Amino acid sequence: MANGGYGPDYQLLPLIGEGRTVLSEYRSERSASAEEGTPYWPAGVLPILDWGCGMYAAVDCRGETAAVLLFDPNAMTDDGAEAWFVDAASLAGWLETWLPGTGWYREDADEHEDAAEPTPWDMAASRIAE
């Protein structure tokens, strides 16, 4: 059984252990978000993968399907909710594109119609406010 550290290119964060883990990153982001003038990290959303440049793949642990969200701080303007996008409707669906490397993040994704772009997450503002 693996504890993170696997995957194509970017790797899943470990659940437990020393250093950066899913839980330590969640606590860190929630804390930093609470201290910012513009809160940005929603309750119940666990980061599972660091894409670099401040971007994360994160799981909505309160949703029935465990949707995978994309956090892109570069999209944030006046509202932290603007930085959140739905990458996949479920964790299972996300894994089916991430593991074989067929998602939007591929350099040649523009050439493939099956690489759907993330869409804005409509629950971001309400969950950030919690």
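**Close-up views of the predicted model**

View 1. Trp121 is buried, with a relative accessible area of 8%, where buried stands for under 20% relative accessible area, exposed for over 50% and partly exposed for values in between, calculated with a 1.4 Å probe on protein chains only. The model is a predicted one, in which local features require pLDDT of at least 70 and side-chain atom pairs count only at pLDDT 80 or more, while totals for chains, interfaces and linings use all residues. Residue numbers start from 1 along each chain as its sequence is written, and side-chain values rest on heavy atoms, with hydrogens and water left out. Trp121 belongs to the loop between β5 and α3; helices (H or I, at least four residues) and strands (E, at least two) are DSSP runs numbered from the N terminus. When residues up to four places away in sequence are not counted, Trp121 touches Pro42, Val45, Asp60, Leu69, Trp84, Phe85, Val86 and Arg127, a contact being defined by heavy atoms within 4.5 Å. The C-alpha atoms of Trp121 and Phe85 are 4.6 Å apart, although 36 residues separate the two in sequence.

**View 2. Aromatic cluster.** Tyr40, Trp41, Tyr56, Phe71, Trp84 and Trp121 are joined into a cluster through ring pairs. The structure has seven aromatic pairs, the criterion being that the ring centres of Phe, Tyr and Trp (its six-membered ring) lie within 6.5 Å, with planes under 30 degrees apart counted as stacked, over 60 as edge-to-face and the rest as tilted.

**View 3. Nonpolar cores.** The largest nonpolar core has 15 residues, of which Trp41, Val45, Phe71, Trp84 and Trp121 touch the most other members. Two or more residues of this core come from each of the elements β2, β3 and α3. Apart from its neighbours within four places in sequence, Val45 is in contact with Tyr26, Ala58, Val59, Asp60, Leu69, Trp84, Trp121 and Arg127. A second, separate core comprises 14 residues, among them Ile48, Val59, Val68 and Trp104. A core of this kind is a set of buried Ala, Val, Leu, Ile, Met, Phe, Trp, Tyr and Cys residues joined through side-chain atoms within 4.5 Å. In soluble globular proteins, nonpolar side chains tend to be buried together.

View 4. An open sheet is built from five strands in the order β1-β2-β3-β4-β5, with antiparallel pairing. Its edges are β1 (45–52) and β5 (119–120), each of which pairs on one side only. Two strands are taken as paired if DSSP finds at least two bridges between them. Strand β2 (residues 55–60) and strand β3 (residues 68–71) run antiparallel and are joined by four bridges, and Val59 has Val68 in β3 as its bridge partner. Helix α1 (residues 22–35) packs on the sheet, where it touches β1 and β2, and its direction makes about 95° with that of β1. Helix α2 (residues 91–98) also packs on the sheet, touching β1, β2, β3 and β4 (84–88), with a direction at about 15° to that of β1. For these angles, axes are lines fitted to C-alpha atoms, for helices over the stretch in contact, and values run from 0 to 180 degrees between N-to-C directions.

**View 5. Salt bridges.** Four salt bridges are present in the structure, each requiring a side-chain nitrogen of Lys or Arg within 4 Å of a carboxyl oxygen of Asp or Glu. Asp50 pairs in this way with Arg20, their closest N and O atoms lying 2.7 Å apart. This pair connects distant parts of the chain, with Asp50 in strand β1 and Arg20 in the segment before α1, 30 residues apart. A network of salt bridges links Arg20, Glu25 and Asp50. Asp50 is partly exposed at 22% relative accessible area, and Arg20 is partly exposed at 39%. A salt bridge also forms between the side chains of Arg127 and Asp60 (2.8 Å, N to O). Because Arg127 lies in helix α3 (residues 124–128) and Asp60 in strand β2, the pair ties together parts that are 67 residues apart in sequence. Arg127 and Asp60 are both buried. Between Arg62 and Glu130 the salt bridge has an N to O distance of 2.3 Å. Here Arg62 is in the loop between β2 and β3 and Glu130 in the segment after α3, distant parts of the chain that are 68 residues apart. Glu130 counts as partly exposed, with 47% relative accessibility.

**View 6. Positive phi at two loop residues.** Cys53 is not a glycine, yet has a positive phi of about 55°. Cys53 is placed in the loop between β1 and β2 and is exposed, with a relative accessible area of 70%. Ala66, which is not a glycine either, has a positive phi of about 55°. Ala66 sits in the loop between β2 and β3 and is partly exposed at 22% relative accessibility.
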